Amino acid sequence: MDTETFRRHAHALVDWMAEYLEGVERFPVKAQVEPGEIARRLPPAPPRDGEAMERIFADFERDLLPGVTHWQHPSFFAYFPANNSPPSILAEMLTATLGLQCMMWQTSPSAAELEARVLDWLRQMLGLPEGFTGVIQDSASSATLCSLITARERASGWRANVEGLAAHFGMIVYCSAETHSSAEKAVGIIGIGRANLRKIAVDPRSFALRPDLLDAAIAADIAAGLQPIAVVATLGSTGAGGIDALRPIGEICRRHGVWLHVDAAWAGSALVLPEYRWMIDGIEHVDSLVMNPHKWLLTNFDCSAHYVRDPDALVRSLAILPEFLKTRERGQVDDYRDWGVPLGRRFRALKLWFVIRSYGVAALQEIVRAHIATAREAASWVEAEADFELMSPATLALFAFRYRPMGVDDEAVLDRINETLLHRLNDAGGAYFTQTKIAGRYAIRFSIGQRTTERRHVAAAWREIQETARGI
Ligand code: PLP
């Protein structure tokens, strides 16, 4: 494709992008297709000769768009948001155009130095103290993995990477029963065995890890000759938004020399609001923390901000230096390939820089604050209806509920009714929800956080929930 043709298509594409952002509400939120339906539309073999962009794009609209779930739809209430924004999209266009591979300072000094600066801006925005150094990982899962690798290395006297784990039997990691599955996945990957992850019970009302049970579990493991190495605490658990208390957990970790990693993948964005900084009371005991601007801070996936108190420990655990990666500046600069698992890295700092500069801190705060206020109000609507039950309180912008028609008390029947409700809502396409289990019972999560979600979208979804439920 020559440059002039590129320019023409790029302009046309930008027009399409602007219309999409403007008109995304006309699509069903969740893709309304059956498994295999999209694959059947795709030729089984690649074309021998190049095709015109007009044709490729027409096929995108005809064959692929129906299989797209519209995450940027204002009635997307499923999972957690993965929102974007116009400035973030513009930065992604630039990133793609530059096509950088930012593995080391030398391979793009601007990328490395911007990453350091913008993550320090974000640190200030979140109210994290000085002394935390940030790096952008591709996902919270990767950040948690890297922190647990560092905890394992430290606990093995920096030998496990080289010797394997045969000589380091008995390492144990702790989290709560509500912790995201990425912690369990990481514990498996670092080789200490998923069976050595202790899932500590939570308080049944707040869904927060019980520090007293954590303390007892660690003491019992030490008495049994095992080696507690890390605790993963959560700010904003995925099912019910539980916020673990960092101070008591941190004090336990300090007492036992255990690494404290905080998964604030979703709720971390709420730290832009000073009124939610109580969530990081006890931060002085934290070794590492991850939060995802790619969830609730208007920055395109992938952008996970991973903060560590001791970057040297992270680098010591992950650095490897073959001849072909040696540079003159090594030692004077940050080579971020040593701060994570993959060698290659995208230029991710650019979109976060665009977002923070384009919106400014105050506007980002207002967006997050409005989501939280709307969620609180929606939870009060649920509470006001006798045939609905609030299953978890509105923590930040998330709550869970279920339909409980008069006279139906059988829990298994209620589970089935609510599963039916969820599927009917999602199949209708007007809004998109996902489920969780609260105290073993099926509940529907209402998660608010799209950039364009307004009170009217939430109110319309609530009307649809009631009508659909009462029609079951
Ligand atoms: N931690 C929590 C609390 C989450 O809710 C999620 C995803 O929703 C993750 C971690 C995983 O995030 P990522 O997709 O960035 O790995």
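## Nonpolar cores

The largest nonpolar core holds 91 residues, and L122, L396, F433 and F446 touch the most other members. Such a core is a set of buried Ala, Val, Leu, Ile, Met, Phe, Trp, Tyr and Cys residues joined through side-chain atoms within 4.5 Å; buried means under 20% relative accessible area, exposed over 50%, and partly exposed in between (1.4 Å probe, protein chains only). Helix α12 (residues 349–384) supplies the largest share of this core, 14 residues. Helices (H or I, at least four residues) and strands (E, at least two) are DSSP runs, numbered from the N terminus.

Apart from this core lies another, of 27 residues, among them W105, I192, I229 and V308. In soluble globular proteins, nonpolar side chains tend to be buried together. Leaving aside residues up to four places away in sequence, F433 touches F77, A78, L422, L425, N426, I444, R445, F446, A461 and I465, where contact means heavy atoms within 4.5 Å.

## Basis of the model

The model is predicted: local features need pLDDT of at least 70 and side-chain atom pairs count only at pLDDT 80 or more, while totals for chains, interfaces and linings use all residues. Residues are numbered from 1 along each chain as its sequence is written, and side-chain values use heavy atoms, with hydrogens and water left out.

## Ligand surroundings

The ligand is surrounded by 13 residues, of which A140, S141, T238, D263 and N292 are the closest; a residue counts as near when one of its heavy atoms lies within 4 Å. By class, the shell consists of three nonpolar, eight polar and two charged residues. Here Ala, Val, Leu, Ile, Met, Phe, Trp, Tyr, Cys and Pro count as nonpolar, Asp, Glu, Lys and Arg as charged, and the others, Gly among them, as polar.

A backbone N or O atom of A140 lies 2.8 Å from a ligand oxygen atom. On its own the ligand has 400 Å² of accessible area, and the protein covers 85% of it; accessible areas come from the Shrake-Rupley method with a 1.4 Å probe. The elements giving two or more residues to the shell are α5 (140–155) and α10 (293–296).

L145 belongs to helix α5 and is buried, with a relative accessible area of 11%. Beyond four places in sequence, L145 touches A186, I189, I190 and V341. L145 and A177 are 32 residues apart in sequence and 18 Å apart in space, C-alpha to C-alpha.

Helix α11 (residues 311–318) is largely enclosed by the rest of the structure, because six of its eight residues are buried. These are P311, A313, L314, V315, S317 and L318. Their cover includes β1 (133–137), α5, α6 (160–163) and β7.

## Two loop residues

T299 is placed in the loop between α10 and β7 (304–308), and at 0% relative accessibility T299 counts as buried. The side chain of T299 reaches the backbone oxygen of L297 at 2.9 Å. Residues up to four places away in sequence aside, T299 touches N83, S88, P293, H294, K351, L352 and V355.

P44 lies in the loop between α1 (3–23) and α2 (53–64) and is exposed, with a relative accessible area of 89%. P44 and S182 are 138 residues apart in sequence and 34 Å apart in space, C-alpha to C-alpha.

Note on methods. Polar contact = N/O pair within 3.5 Å; in protein donor to acceptor, adjacent residues only side chain to side chain.
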